[in-house]
Amino acid sequence: MNPWETRVAILDDGRLVELLVEREQAVVGNIYKGVVENVVPGLDAAFVDCGMERNVFLHVADALPVDPIKSRDGKLPRISEVLHQGQEIILQVTKGPIESKGARATARVSLPGRYVVLIRDGHGTVGISKKLEDEEERQRLRELAHRLKPKGWGMIVRTRAQGAGRGEIESDIRFLMRTWRTIEQRARQSKAPALLYEDLSLVFEILRDVVDQRVRQLVVDDKPTYDRVLRLLSHMAPELSDRLELYQGDEPIFVKYGIERELDRALRPRVWLPKGGHITIEETEALTTI
């Protein structure tokens, strides 16, 4: 395994059902304190130094504290009316760099949690996931969100909030607001360009989006990651903390749980099917044949 690679395996009754791999550190979702380096009226945009290899692209529509699509007239000011060279600004990356192009960002920060996403857009609007189809449940969550939503923040209620009680959603919001206060504190103490908040890595995305009461055990083989997962669980889902285990065995964790064997079998050109047949997968220069 690549020493800079993170792998997460999801098992169901001991069988591998999903494998997720993170080979490099992503920047999408990260929050930076940047300094405007160039304002380009012809593009209605600015380029902001956030300490990355290339400056971040910020369109005027993304530089505004309020989404212009949701405003009354939807008209955009000129970029020179919003930003000036040397100005410091807090940005969140929305699209990573591609080849010679730098990342793209927005000034409207969003913080995803277990049940809700908080959006600092000034509107204070509430949205409900479209995947929640039960109208009665949608109405319950909408009313709850309006009561709990922090002032100055918009909120999107996620699909997994279905059936969640007031206490669970309230705890999620408190955790996100603590995160935001930490970001603000770092912004006051840091000189631009600076990274203020690093979005959740693959491990923590799984923790936020997949782990729930149905998960019987969480096994981590890296002590720093184990400590961070334990801290996050204590805020997000303290009732699951006792299901977390630090693996300290002599053999690699993927060998211990038979995952390497299943991966080796799955990656062979000939894949045997449960009823005795098989398929052959061959990768050629032009296409992959099955």
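**Notes on a predicted model**

Biologist: Where is D62 found?
Modeller: D62 sits in helix 1, residues 60-63. Helices (H or I, at least four residues) and strands (E, at least two) are DSSP runs, numbered from the N terminus. The model is predicted, so to speak of a local feature takes pLDDT of at least 70, side-chain atom pairs count only at pLDDT 80 or more, and totals for chains, interfaces and linings use all residues. Residues are numbered from 1 along each chain as its sequence is written, and side-chain values use heavy atoms, with hydrogens and water left out.

Biologist: Is D62 buried or exposed?
Modeller: D62 is buried, because its relative accessible area is 16%. Buried means under 20%, exposed over 50%, and partly exposed in between, with a 1.4 Å probe and protein chains only.

Biologist: Which residues is D62 in contact with?
Modeller: Leaving aside neighbours within four places in sequence, D62 is in contact with R104, A105, T106, A107 and R108. Contact means heavy atoms within 4.5 Å.

Biologist: New topic. Which residues touch the most other members of the largest nonpolar core?
Modeller: L111, I169, I173, L207 and L233 do, in a core of 46 residues. Helix 4 (residues 166-189) gives the largest share, eight residues. A nonpolar core is a set of buried Ala, Val, Leu, Ile, Met, Phe, Trp, Tyr and Cys residues joined through side-chain atoms within 4.5 Å.

Biologist: What about a second core?
Modeller: A second, separate core has 18 residues, V27, C50, L83 and L91 among them.

Biologist: Strands next. How many are there in the protein?
Modeller: The protein has 18 strands, along with eight helices.

Biologist: Which strands pair with strand 11?
Modeller: Strand 9 (residues 116-119) runs antiparallel to strand 11 (residues 154-157), with four bridges. Strand 10 (residues 126-128) pairs with strand 11 in the parallel sense over three bridges. Two strands pair if DSSP finds at least two bridges between them.

Biologist: What is the bridge partner of L118 in strand 11?
Modeller: The partner of L118 is M155. M155 is also the bridge partner of V126.

Biologist: Last one. Where does I279 lie, and how exposed is I279?
Modeller: I279 lies in strand 16, residues 278-280. I279 counts as partly exposed because its relative accessible area is 31%.
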